[in-house]
Amino acid sequence: MDYSVEVKNIKKTYQAGKEIVTALHGISFDVKQGELFGLIGPDGAGKTSLFRILTTVLLPDGGSATVNGFDVVKDYKKIRNCVGYMPGKFSLYQDLTVEENLSFFATLFNTTIEENYELIKDIYVQIEPFKTRRAGKLSGGMKQKLALSCALIHKPAVLFLDEPTTGVDPVSRKEFWEMLKRLKQQGITIVVSTPYMDEATLCDRIALIQQGKILSIDKPEKITKSFPHQLYAIKSAEIYQLLKDVNAFENSLSCYAFGEYLHLIFKEEHDNRETDLLKFLKMRDHSDIELKPIDASIEDCFIELLK
Amino acid sequence: MHRSKIVSLNYSSKMSGEIVIQANQLTKQFGDFIAANSITFEVYKGEIFGFLGANGAGKTTAMRMLCGLSSPSSGQATVAGFDVRTQPEEIKKNIGYMSQKFSLYEDLTVAENIQFFGGIYGLSNKHLKAKSEELINQLGLQSAKGQLVGSLPLGWKQKLSFSIAILHQPKVVFLDEPTGGVDPVTRRQFWDLIYQAAESGITVFVTTHYMDEAEYCNRISIMVDGRIEALDSPSGLKKRFNVSSMDEVFYQLARKAKRSDN
């Protein structure tokens, strides 16, 4: 078996009052064994519905899926034994201590903390000094580490992490991804979702997802290479005015803020495009203009795909 | 004459010098724990001020004091000319606040939310009606006017929530991670609204975990373990730390943090 996760045309709809909302419009993808696979998309993209279907806590309305070779509907019990799931919302027992939570989950799966300690050691040592503290009293970062330890304690074949880094600061996010890399080296297949586009490059493959549809699916570097235009970065002394002016320039197809620069695509990619623009901007009193061709990032690709 | 007021803020607002937020050795202590440790800074009228820090650095505590929701243990601060310790109710009338977690009533419609919050901020019915229409048109929400807010996509909610937070033209608006989880296109539209608000003279005080958004601020402070460790324009900070991105500035400062979260 080469695939840890196979998703075929999965559909999910919800009743919201009189309306029917489609959360997943028949999506398909595969995750290879040992792969670190990212679902990248904003809130409301359908990421959580998908996770809940794959971890057998929600039934799909159509299509089929297998996890570790088992069908998500028929073999749900087998799947529950071999996957770890860390939901986006903290779901451990707040009234139990760190250690009690961990041994509770170990016991559920007929194992002990000692038996699989090696797997969680890296993460658990950081919260072990607080093992007698109730989970409800932990800080956000510590809760996250405990939840990950609990999701790993039965040595799952596939690990599902639903937005583990949402609302987490950039330093802690970096540390979290380093933990994931080490878990991957131990052979665990990881499916992780995130709204942060910069985390996409840390995955082996990604699916860009929006409103229940997959926009693109590939290795991150392949997605960025397939960006259909030459992208430019531009800045000047007055960046907000620059944004208004570049958008008013007749040969600009799109221009949007991107950190300290604006990113720009020309309508017609002719030879004079750069000089024409610079002339136009100088007439509007811009100074310290810097214009340079750049490679697109995943976020640029996402923006392009949303058009 | 209508040259960007925004970007020239770095220079002109300091010269014009109207201070809208002033914190002087502002401190909040819970038992032995000093959540905000003697923080001192100023924010100018019309400025977009980024308030950054790792989880647990003390941002929320500081922000609660500035909003008049929590009284400082020591030190002083004034917001919109009012003292946070003695005039918290005046502060609440003169600021807007928006967070990612709670913003609007999901069970009320778009129009009802506008009416409700406008009423709370004391706008007259007549004024409110005009404002409400203006806002709905500006956001392109005409067709969604009668829809429950709960049924709107997150990006719409956040834009609406921001517009409602500034409905009463406050002197300052506090935004606590307003764009978390929002798609990249909507995130940029949201920042357009922030720029427009700043252009109209509203001071914007914003926290974010997106370092590209830190670049959109006129100035940024970075909190580490309860203290403000750095405060400057994005380009000033990059120069000082000799790095090319805000991400690296943040990383250099925040990785020294001894405490994390809440």
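Colleague: How are H3(A) and H5(A) oriented towards each other, roughly parallel or roughly antiparallel?

Modeller: Two packed helices are described by the angle between their axes and the distance between the axes. In this predicted model, helix H3 (residues 98-108) of chain A packs against H5(A) at an angle of about 20 degrees, and their axes are 8 Å apart. Angles under 35 degrees count as roughly parallel, and H3(A) and H5(A) are therefore roughly parallel to each other. The crossing in which H3(A) passes H5(A) is right-handed.

Colleague: Which residues of H3(A) and H5(A) meet?

Modeller: From H3(A), Val98(A), Asn101(A), Leu102(A) and Phe105(A) meet Leu146(A), Ser149(A) and Cys150(A) of H5(A). By class, this contact of H3(A) with H5(A) has five nonpolar and two polar residues, and no charged ones.

Colleague: At what angle do the axes of H5(A) and H6(A) cross?

Modeller: Helix H5 (residues 140-152) of chain A and helix H6 (residues 170-185) of chain A cross at roughly 15 degrees, and their axes come within 12 Å. H5(A) and H6(A) are therefore roughly parallel to each other, and their crossing is right-handed. H5(A) contributes Gln144(A), Lys145(A), Leu148(A) and Leu152(A) to the contact, while H6(A) contributes Glu175(A), Phe176(A), Met179(A) and Leu183(A). The residues of the contact of H5(A) with H6(A) divide into five nonpolar, one polar and two charged.

Colleague: In chain B, at what angle do H4(B) and H5(B) pack?

Modeller: Helix H4 (residues 110-120) of chain B and helix H5 (residues 125-138) of chain B pack at about 135 degrees, with 10 Å between their axes. That angle makes H4(B) oblique to H5(B). H4(B) passes H5(B) in a right-handed crossing. On the H4(B) side, Val110(B), Ile114(B), Gln115(B), Gly118(B) and Gly119(B) meet Leu128(B), Ser132(B), Leu135(B) and Ile136(B) of H5(B). The residues of this contact of H4(B) with H5(B) divide into five nonpolar, four polar and no charged.

Colleague: How is the interface of chain B and chain A to be described, and what area is buried there?

Modeller: The size of an interface is often given as the accessible area lost when the parts come together. Between chain B and chain A the buried area is about 2900 Å², with carbon and sulfur atoms giving 56% of that area. In terms of residues, 37 of chain B are in contact with 38 of chain A.

Colleague: How many salt bridges does the rule find across the interface of chain B and chain A?

Modeller: Side chains of opposite charge can pair when their charged atoms come close. Across the interface of chain B and chain A there are four salt bridges by the rule. Glu260(A) forms a salt bridge with Lys238(B), and the closest N and O atoms of this pair are 3.0 Å apart.

How values were computed: Residues numbered from 1 in each chain as written. Chains lettered and ligands numbered in written order. Predicted model: local features only at pLDDT ≥ 70, side-chain atom pairs only at ≥ 80, totals over all residues. Heavy atoms only, no water. Axes fitted to C-alpha atoms, helices over the stretch in contact; angles between N-to-C directions. Helix = DSSP H or I, 4+ residues; strand = E, 2+ residues; numbered from the N terminus. Parallel < 35°, antiparallel > 145°, perpendicular 65-115°, else oblique. Left-handed = near helix turned anticlockwise from the far one by under 90°. Contact = heavy atoms within 4.5 Å. Nonpolar A, V, L, I, M, F, W, Y, C, P; charged D, E, K, R; others polar. Buried area = accessible area lost by both parts, 1.4 Å probe. Salt bridge = Lys/Arg side-chain N within 4 Å of Asp/Glu carboxyl O.
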